[in-house]
Amino acid sequence: MASAEELREEYNEYARAYDGYLALPTGVLETQLMTSALGDCTGYTVLDLGGGTGVRARDVIDFGAASVDVVDVSPEMLSSGRLTTAALGPKYGDRIAWFEADVAKPLDHLQLRGAPGTYDLVMANWVMDHAASVEELEGMWRNIAAYLKPGGRYVGVRGGDPYAPAAVQGKYGSTYKNQKTIPGGIRYRYAVSMEPPMEIEASSMEISYSGSTELHEKYGLGEIENEPFENAEVIAKDPEYWKLFLENPYMVVVKARKLRSA
């Protein structure tokens, strides 16, 4: 299983080209589902766990967010994000801050702009598919719950079945391969058909990819739902093309809210 250090090195290698995946069918679908799930973010303070190059951080600024704190394990992903954001001007540069850390571990050593229990929205996109154990996965959920204010929103992308035909065949631009059973889940390589080609170690715990809401509920989240796939324009326009994906999705956008009584 990839350690945080190994994962850091892999993402460092691909940092400058990483955003190229957005042009692939799987990237377009993800963007449209996230846009639908996020909706109006006017005035939000946002924590973006595993936010990488800041793609979704810039999106939520476009949707009205007041500020975003991006936390990621890869310094090169953060550096790439800073450069891109600075080039786009103060609309983004003045509102996005960048922090290096492993989001499966406590974040209290960071000088985040928001205190625990104060963020309107926490995002965690794909990070749960890098948890090498259920314990690491729980560390991520612990951070999500700790930093959300009561009534605050969670939106995140997680993987589905690592053996899904759409993932194995690579029809939509990403391919899962070299699957191997590990305690609690499945380890695999995630390959993306872009230039240069990108391939990264991943591991998905069954309690996550199965669609279970056990950990959401354990850490005080409710109103849990998956963003409907038909809300994505690409699927609404061409459901036949997406048929293989829809039969067994390898990607889901999940929405939830921190319960006020949690």
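User: Which residues lie nearest the centre of the second largest cavity?
Analyst: Those are Met 128, Trp 141, Arg 158, Ser 208 and His 216, out of 13 lining residues. A cavity here is a set of points, on a 1 Å grid over the protein atoms alone, where a 1.4 Å probe fits but cannot get out, and lining residues have an atom within 4 Å of a point. Before we go on: this is a predicted model, where local features need pLDDT of at least 70, side-chain atom pairs count only at pLDDT 80 or more, and totals for chains, interfaces and linings use all residues. Residues are numbered from 1 along each chain as its sequence is written, and side-chain values use heavy atoms, with hydrogens and water left out.

User: How much space lies in it?
Analyst: About 80 Å³. The volume is the space filled by probe spheres set on the grid points, which are joined across faces, edges and corners.

User: And how many cavities of 30 Å³ or more does the count come to?
Analyst: Three. In the largest cavity there is about 190 Å³ of space. Its lining has 17 residues, with Tyr 11, Tyr 18, Trp 126, His 130 and Tyr 190 nearest the centre. Helix 2, strand 7 (185–192) and strand 8 (198–205) each give two or more residues to that lining.

User: What's its lining like by class?
Analyst: Twelve nonpolar, three polar and two charged residues. For the classes, Ala, Val, Leu, Ile, Met, Phe, Trp, Tyr, Cys and Pro count as nonpolar, Asp, Glu, Lys and Arg as charged, and the others, Gly among them, as polar.

User: Switching to pockets: how much space lies in the largest one?
Analyst: About 520 Å³. Of its 33 lining residues, Gly 50, Asp 72, Asn 125, Val 127 and His 130 are the closest to the centre. A pocket is an open set of points with protein on both sides within 12 Å along at least five of seven lines.

User: Which element supplies the largest share of that pocket's lining?
Analyst: Helix 6, with five residues. The pocket lining as a whole has 15 nonpolar, nine polar and nine charged residues.

User: OK, helix 2. Which of its residues are buried?
Analyst: Thr 26, Gly 27, Leu 29, Glu 30, Leu 33, Met 34, Ala 37 and Leu 38. They cover an arc of only 160 degrees around the axis, so they sit on the same side of helix 2. Buried means under 20% relative accessible area, with a 1.4 Å probe and protein chains only, and the arc is taken from the directions from the helix axis to the C-beta atoms.

User: What comes just after helix 2?
Analyst: Gly 39, with a positive phi of about 60 degrees.

Note on methods. Buried means under 20% relative accessible area, exposed over 50%, partly exposed in between (1.4 Å probe, protein chains only). Helices (H or I, at least four residues) and strands (E, at least two) are DSSP runs, numbered from the N terminus.
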